[in-house]
Amino acid sequence: MDNIQILQECYSRVTLIPVVGSGLSIPMGLPSWRELIEKSADYFSVSDEKKECIRKCLDCNEYLDATDVILEAGVSDQMLREYIAKSMTEAKENSNSVDNNYRDLALFSKIRYMTTNYDQYINDFAEARTFCLENLENIQINQFAYSAYDHVVIPLHGEISRPESIVLSRDSYQKLYNTDSFKSEFEHMRTHFTFLFMGFSFEDKYIQKLFDKILHYYQAQHFILFDKSEADKNAEKIERIKTQYGIETVFYDASKKGHIDGIRDCLRIFLN
């Protein structure tokens, strides 16, 4: 059975969970992480010296380090969360309607979603209800595959409608990912459902650590979508993701019609 057939089988058995990263929201025109952090530094009147430190961190894609600089300037974690939530909400309100793959995800009738994004686009387009991971403690664990939980989304890092839930700083990341309950709940999802990572580069060190740690205990097969142009360009990374984290790559073709249509064509295959 090839990877596409496995994903089709997972979908038919209600065990497929798309895990959505920031790449899927790029067409929506929201500010990038770099823009959000730079605007935060301006908004909170961070000194020029610290702004230079932030710029150097961002040039190296060290976003948590850049966030730490803002917090060290006297901005509280909650103040920063509220500003980020407000900025993203305003950007959503001012954005134009554009083609996107959230519309395609909404076509899946029997599915649950997971995301590391705050933007709540899955809620918007798929009319999905928020289901926090800790809510697993309040139901019988095998009930999550029941139809009552079709079209729910698990926001791993919080959502803009609840600024207090947003995981933004290094401290908040560590608190979340080092919590025993979070690790056990995520492990249950990882071993009972099949993840399909979309819009992910899989460079998040905390996600990597979580998979790297639990892979030694329980084997489970998961997948990630990459454009086929990545096959040669990032062959070493693709092999590392497979061997170190147990995640197989499924390729889509963006060469003719672009990423949105390439991903769309791939998703339609799963529905057949």
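A: Accessible areas come from the Shrake-Rupley method with a 1.4 Å probe. In this predicted model, the protein chain exposes about 13500 Å², and 48% of that area is supplied by carbon and sulfur atoms.

Q: What share of the 272 residues in the protein chain is buried?
A: A residue counts as buried when its relative accessible area is under 20%. Here buried residues make up 49% of the 272.

Q: Which secondary-structure elements does the protein chain have, and how many?
A: The chain holds 13 helices and seven strands. Its radius of gyration is 19 Å, close to the 19 Å that the globule rule gives for 272 residues, so the chain is as compact as a globular protein of that length. The C-alpha trace spans about 60 × 45 × 35 Å along its principal axes.

Q: Which residues in the largest nonpolar core touch the most other members?
A: A nonpolar core is a set of buried nonpolar residues joined through side-chain atoms within 4.5 Å. The largest one has 52 residues, and I54 and L196 touch the most other members. Helix α5 (residues 77–94) gives this core its largest share, six residues. Another core, of 34 residues, lies apart from it and includes I139, Y149, Y173 and I207.

Q: Which residues does I54 touch, not counting residues up to four places away in sequence?
A: I54 touches I37, A41, V46, A66, V69 and I70. Of these partners, A66, V69 and I70 are among the buried residues of helix α4 (residues 63–72).

Q: Where is T194 found, and is it buried or exposed?
A: T194 is in strand β5 (residues 194–198). Its relative accessible area is 11%, so T194 is buried. Leaving aside neighbours within four places in sequence, T194 is in contact with C10, T15, L16 and I17, and also with Q221, H222 and F223.

Q: How many positive and negative side chains does the protein chain have, and how far apart are the centres of the two sets?
A: There are 31 positive and 43 negative side chains. The centres of the two sets lie 2 Å apart.

Conventions
Residues are numbered from 1 along each chain as its sequence is written. This is a predicted model: local features need pLDDT of at least 70, side-chain atom pairs count only at pLDDT 80 or more; totals for chains, interfaces and linings use all residues. Side-chain values use heavy atoms; hydrogens and water are left out. Helices (H or I, at least four residues) and strands (E, at least two) are DSSP runs, numbered from the N terminus. Buried means under 20% relative accessible area, exposed over 50%, partly exposed in between (1.4 Å probe, protein chains only). Contact means heavy atoms within 4.5 Å. The radius of gyration is taken over C-alpha atoms; the globule rule is 2.2 Å times the number of residues to the power 0.38. Lys and Arg count as positive and Asp and Glu as negative; His and the chain ends are not counted. The place of a charge is taken as NZ of Lys, CZ of Arg, CG of Asp or CD of Glu.
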